[in-house]
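Reader: I'd like to learn how to read a two-chain model like this one. Can we go through it feature by feature?

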Amino acid sequence: MATKGFNVRKQTGFNSIAMFCFVMLYLPIILLVIYSFNAGESIAVWEGFSWRWYVSAWENEKVQDATIRSLIIATCASLIATSAAVLAALATTRVKPWRGQTLAFALVNQPLMVPEIVTAVALLIFFAMVKVATGYTGLAYLIVAHSAFCIPFAYMPIRARLQGMDLNLEQAGADLYGTPVKVFRHITLPQLWPGILAGAMLAFVISLDDVVITEFVKSAGQDTLPTYMLGQLRRVITPEINAISTALLAVSVLMVIAFFLLNRTRK
Amino acid sequence: MIEIDGATKIFGDGADAFTALKDVSVTIDSNEFFTLLGPSGCGKTTLLRVIAGFIDPTHGTVQLDGENLLDLPPFKRPVNTVFQSYALFPHLTVAQNIAFGLEMLGKPKAEIKSTVEEMLELVKMAPLADRKTSEISGGQQQRVALARALAPRPKVLLLDEPLSALDFKLRKEMQLELKRLQHETGITFIFVTHDQEEALTMSDRIAVMNAGTIRQIGGPRDIYDHPAERFVADFIGDTNFLEAELISASGDTAQIKLSSGKEVQARANPDGANAPGTVTLAIRPEHATLGPAESGLLSGTLSDVVYFGTDTHYHVDVDEGGKFVVRRQNQPEQTQSHAAGDRVGLRFPGGVSQVLRD
């Protein structure tokens, strides 16, 4: 352990800065979780333990409705985004370097760079034109929008997995009479699964959580869970919001744990 | 029979261009154990990958039994590879790895099963058939890689330094094992190695490569006893080089005048580079002996005596200039012994020294 030279942990103030960051990050979340069990109507005054807000949220038809919609959108969007991400990852790792490859990489990751509000406004205007032209006002707009911004999140773990894979394995597959399609199906895909699952779960969580783009793109009566919660904030705030947030937090934490476990199985 | 004609491979272009293969032509017979031997970067692996189909040559042709291989993608060539890293499929078991090629060829289930069993027996891996490939040792992985490549009964088996990751003892065992397998299966083996001893032990013929070209092709004895040029003589085994004068040559023999003025018979150059004048002679250390200074073809002073267990190396500073090493196998009762500083004479019988091409 006797490391010479610069050690960031030995610097004055390191501990206090670290503590400050952790407190700022997690204290509000801890408070949110605690007050979701508040027996009273307030989100700031503790009146004893109760499950009432969880029951209330569970029985709230609007919450049910928004939850189902959120799950449909997140499921569809993560499936579409992951499929596109697999193809994009193959095209950026398994071909001879081609002109415009860097550009393609940047384009795939565009949603990470462009401010979300810009994408949201652009989608609002574009979809308005499509709506006028087609008359369709269903969920597809939200699904398409979510798929688009979920692609880079699905792409990253899949690409990392492909890059970490031994190229000799695919050559060995070809050497043993495997056509390119068969090699992908029997050699590449089985080893890519952890990356694909990780990408899909990340995309799912990102979609579930989105507010800005959803708020702009959704039609009337198409609230997702986050936009419903945002709407509630304009009225009376009850610990029901805390309860819903805590439930979302639990889902996300479970997903993140699964994500890490999947990526760890790589030896 | 594999016929490679004028194979050239240039990687990159312009100032970055690198010529990995330069006009390589070679014919490899069916059922031959053929070795490509050379230092790293000599183009031997490139040539192997050209045959496998992973690299397209810039020029040249590759034919297998009269059929143009270059028209076929890797998965249509009746050629299998044992990769240096083995490249076993980590998500499949030992048996599934071996079955892979047969399944891709669409062989009937019963045939696949019996061939896999036969292969497992052949490489003595039957008890571990259901293990994952990550759960077996390096030597076992090597045998699985071999069985997987042999199972589809290719016409040609390509082996890319398959023994380099094994320890010394295992490597020795596998050398004999490979030779036995090649003999039993009757498949043409093309073996790539940088290990000259491995090449000499196993091969029917060896092609010594350097800087993208084949320098000499021949049987192990030809290559070892009659190297055609300095690179080959130097790369394979230890060699003494002597500057000398070629007086005349006829047939296999050349009359040579050494720097001491004494004359000796040498092997003429196999490529016909036997013009009178200054030439380089190669003499293997074990082909020369030490004697009294006045009776030798060359005389000198012993500078070092190095004991190696099986043999002893005597380093001699030749009076006319240059160094010369004599190797003598150690016997239980060593009668004659020399010490550093002794005056000695170097002797070698007529016909063991070899005239080299420049």
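Reader: Let's start with domains. Which domains does the assignment give for chain B?

Author: Keep in mind that this is a predicted model. For chain B, the assignment gives domain 1 (2–225) and domain 2 (230–356).

Reader: How far apart are the centres of domain 1 and domain 2 of chain B?

Author: Taken over C-alpha atoms, the centres are separated by 38 Å. The two domains do touch: eight residues from domain 1 of chain B and five residues from domain 2 of chain B take part in the contact. On the domain 1 side, β9 (205–210), β10 (213–218) and α7 (220–225) of chain B each supply at least two residues. By type, that side of domain 1 divides into four nonpolar, three polar and one charged.

Reader: Okay, on to sheets. What is the strand order in the open sheet of four strands in chain B?

Author: Read across the sheet, the order is β2-β1-β4-β5 (chain B), and the pairing is antiparallel. The edges are β2 (18–28) and β5 (67–68) of chain B, each pairing on one side only. Further in, β1 (residues 2–11) and β4 (residues 59–64) of chain B run antiparallel and are joined by five bridges.

Reader: Now for cores. Which residues touch the most other members of the largest nonpolar core?

Author: A core here is a set of buried nonpolar residues, linked when their C-beta atoms lie within 7 Å. The largest one has 108 residues, and I51(B), I98(B), A147(B) and I190(B) touch the most other members. Helix α2 (residues 94–104) of chain B provides the largest share of this core, seven residues. Both domains of chain B take part, since the core draws at least three residues from each of domain 1 (2–225) and domain 2 (230–356).

Reader: What is I98(B) in contact with, leaving aside its neighbours within four places in sequence?

Author: The partners of I98(B) are V116(B), M119(B), L120(B), V144(B), A147(B), R148(B) and A151(B). Another core, of 35 residues, lies apart from the largest one and includes I196(A), A198(A), A203(A) and V205(A).

Reader: That brings us to chain A. How many helices and strands does chain A have?

Author: Twelve helices and zero strands. The C-alpha atoms of chain A fill a box of roughly 70 × 70 × 30 Å along the principal axes. Of its 267 residues, 31% count as buried. For contact range, look at pairs in chain A at least 6 apart in sequence: 77% of those contacts join residues at least 24 apart.

Technical notes
Residues numbered from 1 in each chain as written. Chains lettered and ligands numbered in written order. Predicted model: local features only at pLDDT ≥ 70, side-chain atom pairs only at ≥ 80, totals over all residues. Buried ≥ 20, exposed ≤ 12 C-beta atoms within 10 Å, placed from the backbone. Domains from an automatic or database assignment. Contact = placed C-beta atoms within 7 Å. Nonpolar A, V, L, I, M, F, W, Y, C, P; charged D, E, K, R; others polar. Pairing = 2+ DSSP bridges.
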